[in-house]
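Good morning, and thank you for coming. Please look at the sequence and the structure as I show them, and keep both in view while I speak.

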Amino acid sequence: MITVTDLVKEYRTKRRFVRALDGVSLTVPQGTIHGIIGHSGAGKSTLVRCLAMLDRPTSGSIVIQDQDLTKATDANLRRARRRIGLVFQHANLFDSRTVVSNVAYPLEIAGEPKAQRMERARELLSLVGLSDAAEVYPSQLSGGMRQRVGIARALAVDPDVLLFDEPTSALDPRTTDEILELILKLRRPDLATIVITHEMHVVKKICDSVSLLEHGSIVESGPLTEVVSRLDGRLSQMLLGIPPHEDDVPGTLVDVLSRGAQANQPVVAHTSRLVGAELAIIAGSVEHLAGTTFSHLRIAVPEGTDARVVVEKLKEQGADAALTSELEEVVVP
């Protein structure tokens, strides 16, 4: 498990002061994958560097397996870092080393005998589907293959925590899905995984929980199925938003959110009968997230029909509903 409490990171120069992280608190249990999303400049890269203790926080604590890394001596911190696997946006491989030698490098630093570390490296290359590439050099690999090598290298130390910093942002859609499937394959009951990303697709496909980081602070966080269920939530709007549609739609717009078995029920049609008016579905999306089906619809209530009565009737049927004008418009990162 990784527990972050009131984490602050400040940068000071002669001309400026930057508070890159402002009281970040976060808990990621073992066996789960947690996504952290946010716009560029939100503090995501600073957070992952602090979690890996590549940068020391100004204050706060980072506890991994009951050890507070922020209070560790230099010697203990070096040992603790070996229990943290880190995968960057670009794999950052050594071009002068073969693939298998790149994967074995952390074990070399740890003093593992050559025979054992090379055997372990080959096992990991097999795990990520690159057994045949052991003796080639990184320059001969595609971007997705290089990222697989980076993942294998991060696993070499048998980490307690696996950190991904924008692992798919430089990859095409097909390769992105392949890497995400690999991350899911690597899930273990004793491994806590954090994925830093600005891609909603990544969160939808692999994450159990998610946090929204803005200006160095976490403004919303929780299990994926819970945050998506909040119609007025920022994360719900990002992950289950309404696709673009015509703006000059007559009538009053209402957003409707249903989950589970309710998402498969004709609640809009039923509500139309209850209020005696035709409710038009303007746009919508259906997603299967963390094993649960979610439906987010936008409907138009015709003039002459009280939209607030429509909202109440929708809620009586188990859906969440609100006037679209009362929901915060969210810009997706």
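The C-alpha centres of domain 1 and domain 2 lie 38 Å apart. Domain 1 covers residues 2-228 and domain 2 covers residues 237-330, with bounds that come from an automatic or database domain assignment. Nine residues from domain 1 and ten residues from domain 2 take part in the contact between them, where contact means heavy atoms within 4.5 Å.

A word on the source: this is a predicted model, in which local features need pLDDT of at least 70 and side-chain atom pairs count only at pLDDT 80 or more, while totals for chains, interfaces and linings use all residues. Residues are numbered from 1 along each chain as its sequence is written, and side-chain values use heavy atoms, with hydrogens and water left out.

Let us turn to the interior. In soluble globular proteins, nonpolar side chains tend to be buried together. A nonpolar core is a set of buried Ala, Val, Leu, Ile, Met, Phe, Trp, Tyr and Cys residues joined through side-chain atoms within 4.5 Å. Buried means under 20% relative accessible area, exposed means over 50%, and partly exposed lies in between, using a 1.4 Å probe and protein chains only. The largest nonpolar core here has 54 residues, and Ile37, Leu125, Ile151, Ile206, Val210 and Val228 have the most contacts inside it. This core draws at least three residues from each of domain 1 and domain 2. Beyond its neighbours within four places in sequence, Ile151 is in contact with Val87, Val128, Phe164, Ile179, Leu182 and Leu186. A second, separate core of 29 residues includes Ile84, Val161, Leu163 and Leu213.

Strand β6 is worth a look as well. Helices (H or I, at least four residues) and strands (E, at least two) are DSSP runs, numbered from the N terminus. Ile84 and Leu86 on one side of β6, and Gly85 and Val87 on the other, are all buried. Strand β6 runs parallel to strand β7 (residues 161-165), and four bridges join the two; strands pair if DSSP finds at least two bridges between them. The bridge partner of Leu86 in β7 is Leu163.

Now, the charged side chains. A salt bridge is a side-chain nitrogen of Lys or Arg within 4 Å of a carboxyl oxygen of Asp or Glu. How many salt bridges does this rule give? The count comes to 21. In one of them, Arg146 pairs with Asp95, the closest N and O atoms being 4.0 Å apart. Arg146 lies in helix α5 and Asp95 in the loop between β6 and α3, so this pair ties together parts that are 51 residues apart in sequence.

Arg174 and Glu178 also form a salt bridge, at 3.8 Å from N to O. Both lie in helix α6, four residues apart, about one turn of the helix. Arg174 is exposed at 67% relative accessibility, whereas Glu178 is partly exposed at 34%.

Lys204 and Glu287 form another, with their closest N and O atoms 2.9 Å apart. This pair links distant parts of the chain, from helix α7 to strand β12, 83 residues apart. Finally, Glu10, Arg12, Arg19 and Asp22 are linked in a network of salt bridges.
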